[in-house]
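Student: I'd like to learn how to read aromatic pairs in a structure. Could you walk me through it with a real case?

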Amino acid sequence: MGGRGRGVAAFSFNVEALGITRGSMPEAMVGPRPLFPNTESKPVPLRDDEGEAYMLALKQEMRCTMQRLPHNIKPLAAKADVERYKERYNKQKQLNDEEWTPDWNLYPKELRPQVKRTRTTKPAGIKKPSAKDAKDVLNKLEELEKNDGAEEEKSDDEKPKTKKTAEGEEEEDLEEELEEEEVEEENDYIDSYFDNGEEDNDDGDDGEATY
Amino acid sequence: MTAQEARLCGLLLREHFGEVVEKIGTHLLRSGAQNLRTIVNESGTPIDLVKKSLCVLMKHGACRFSIGRKGPGSPVEYQASCERILGILRYPRYIYTAKTLYSDTGELIIEELLQRGHMTMSSIVKMVADRLTHNMEEGRSIEYNEVVSTFSKLVETHFLQRCPPVSEVVPPVSTAPTVPGAPAAPVSTGPPTPESFSDCYLVPSVSLAGRGKRRRSGEDVVLDQGTTKKAKTDLQTHGDEGIYWQVNFERFHLHFRDQTIISAVASKLDQTSSEIVRTMLRMSEVTTTPSASCTQALSANEVFRSLPANYSISRPVLDQYLTLLVDDPMEFVGKTGDSGGGMYVVNLHKALTNLARATLESVVQEKFGSRSARIFRLLLRKRHLEQKQVEDFAMIPAKEAKDMLYTLMSENLVLLQELPKTPDHAPSRTFYLYTVNQLATARMLLQHCYKTVANLIDRRLFETKESKRLLEKSQRIEAIMASLQASGAEPEQLTEVEEMISAPEKQQLESLRHHINKLDSAENQVDETIFLLKSYVASTARITR
């Protein structure tokens, strides 16, 4: 390539067609650009009429309300060893009178939570190797089913019994893992949540927009 | 679904639904349709949290489920919808529009529905009546019937619609593998739109008699014990179980589009012309399909008859106004014939195009100055120009014109088109033309807008986090003040509590509030630009399909 001596900038086509002459090129960039470059022109100020002010208030209120609704799912926080006073104080602020139970007709069946089964006797029969008779295992399962029958009336929706046994047989392995978590989430889907009225000394904080 | 959109969706989900839902939602957005097991494995969240998040997302319409791609036997797949999540930005605008059209009752109905996704009519009516009663003065309460009538009006004008019924095509999971070859129910190719069901806008006949209940703070302690138990066993069916209502966003968007056109006409011409255009749009509301590029033709006689009573202009004056509108370069109104005193249409697509173009020009002007804007406008009108021609037409000296063109090019607003004269593309014998592609530039600006809003939200969260301690302190003090006032304390106690916050802290709080209000307000206003650009892009895509 001609013209490539001593770091001289040369292009492979005639640059005059674009209107660039040698001297008018800006100097080469050295290093990354600044993080917050200077802007020559400042942005136009925001509109500030009453419609905007109203929508602003609406937005902040809505954000605040939606954070308190039961839709807002908090991650399972690890319980500290000592329950701090702050936690009890914070719990009172939640909208506990609105338990949310979705209408299960609208969602696929697999999203329903497992109803917690009472394990009155540890099913040693299932744990032991297959030396145990298969019949005994089935009998035990029927017993557990009967225990479940009492439990089921508490839940909102009626699931078909056959479906439950089918599910139960498939997902027994998972159930033990699920159980610990279900203890904590029992409040959300199952009816037996009891509100003893302690949390209702809510102050008139509802009107304030929190940030 | 771009990176900017994904980031913005994540932030919106976090703010409104919490971090768990954010994680699941962004995972679904990034990876497309997935079934439950894959989501659990890939996102690393416990399965019950995943289930809950999916329920929340589906309730709000941000996610939908369908049969797996492998056929009727495969597990259910979930798919998140980016547009619906981005629509959360626009909630305040929907509520405000409902307020202007249907006053407080309508506003509360829309607000409750937006917050909860979808609900039955009876629950909405009860909740809204209670809220309205709560805000009224003592002794007055609102009848359910009033709320029902507002609800019916909203449904009649199609602002609310029924949720499409979920087809029970989804087979139960446990029996799936046993029947591989059996014929299953027909799988729908795409998600059914709510409007494909004939009962979409049918208000059910519901027996709702009663008044709103005022929630008294003192009685709550006693009442709640009773009501929580009672609510579960109280199966007060009103005859509309299973019929869920949701907000019809498309209708709101049509309304916003009309409002934008009317206000553009008002600011460009005058109030009377905007009233004429408003009348024309109102008359063609029911006859025009949402995706039409212009309204149905209306004769000048009809327009004259339908003008609002307080705008009594004479017939010749109306004709003059219509001629003015037709001749305007923004092409809002077009003339399609001469029968009936002249047949006129409102050019929706052209209006959107021109409004988008005005937005682009304004952006260039604010960012780069008025002379660069002049070059930009020139290129928009003249399509392709050479370097020399740009300098001549824009009447800007050569050096500065070059500089501005290269700045615009580096921002991808202006493109270079090569036009070879000879087959060997020799540079000395090639034309180099500058051009602007309006559609591509609009898309690019739309992405910039998403990035802007995401940055605004980020900054707001950062500011809140920085001053978290101060905010908590001020909240606690307000709570103490409120409880003191409620229990009737003396002024000295109140001032003592007030002084717990020092003056510089108060100032800091004030400036923090000011910043956050500004950031929030900026989000709302950027959303208007987003709406305009998105409508333009969507309208162009429909036309060219």
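Tutor: Happy to; we will go through the rings and then turn to chain A. Keep in mind that this is a predicted model.

Student: How many aromatic pairs are found over all chains?

Tutor: A search of the whole structure gives 10 aromatic pairs. Take B:Tyr102 and B:Phe159, which are edge-to-face, with 6.4 Å from centre to centre and 80 degrees between the planes.

Student: Which parts of chain B does that pair tie together?

Tutor: B:Tyr102 belongs to helix H6 (residues 91-116), while B:Phe159 is in the loop between helix H8 (144-156) and strand E5 (160-162), so the pair links parts that are 57 residues apart in sequence.

Student: Can you show me another pair, and explain why it has the label it has?

Tutor: In general, a pair of aromatic rings is described by the distance of the centres and the angle of the planes. An angle over 60 degrees counts as edge-to-face. The ring centres of B:Phe151 and B:Trp245 are 5.4 Å apart and their planes are at 90 degrees, so this pair is edge-to-face. B:Phe151 is part of helix H8 and B:Trp245 of strand E6 (residues 244-247), so the pair ties together parts of chain B that are 94 residues apart in sequence. B:Phe151 is buried, with a relative accessible area of 0%, and B:Trp245 is also buried, at 0%.

Student: Which residues form an aromatic cluster with B:Tyr102?

Tutor: One cluster contains B:Tyr102 and B:Phe159 together with B:Tyr91, B:Tyr94, B:Phe249, B:Phe252, B:Phe256 and B:Phe531.

Student: Where does the charged end of B:Arg93 sit?

Tutor: Over the ring of B:Phe531, which is a member of that cluster, and 5.4 Å from the ring centre. Elsewhere in chain B, B:Arg315 lies over the face of B:Phe304, at 5.8 Å from the centre of the ring.

Student: And what should I read from chain A?

Tutor: Start with the elements: chain A has 6 helices and 0 strands, giving the pattern α-α-α-α-α-α along the sequence. Next comes burial: 26% of its 211 residues are buried. For contacts with a separation of 6 or more, 73% join residues 24 or more positions apart. Finally, chain A exposes about 15300 Å², and carbon and sulfur atoms supply 51% of that area.

Terms used:
Residues numbered from 1 in each chain as written. Chains lettered and ligands numbered in written order. Predicted model: local features only at pLDDT ≥ 70, side-chain atom pairs only at ≥ 80, totals over all residues. Heavy atoms only, no water. Phe/Tyr/Trp six-rings, centres within 6.5 Å; stacked < 30°, edge-to-face > 60°. Helix = DSSP H or I, 4+ residues; strand = E, 2+ residues; numbered from the N terminus. Buried < 20%, exposed > 50% of the residue type's maximum accessible area, 1.4 Å probe, protein only. Lys NZ or Arg CZ within 6 Å of the ring centre and 35° of its normal. Contact = heavy atoms within 4.5 Å. Areas by Shrake-Rupley, 256 points an atom, 1.4 Å probe, with all protein chains shown as cover.
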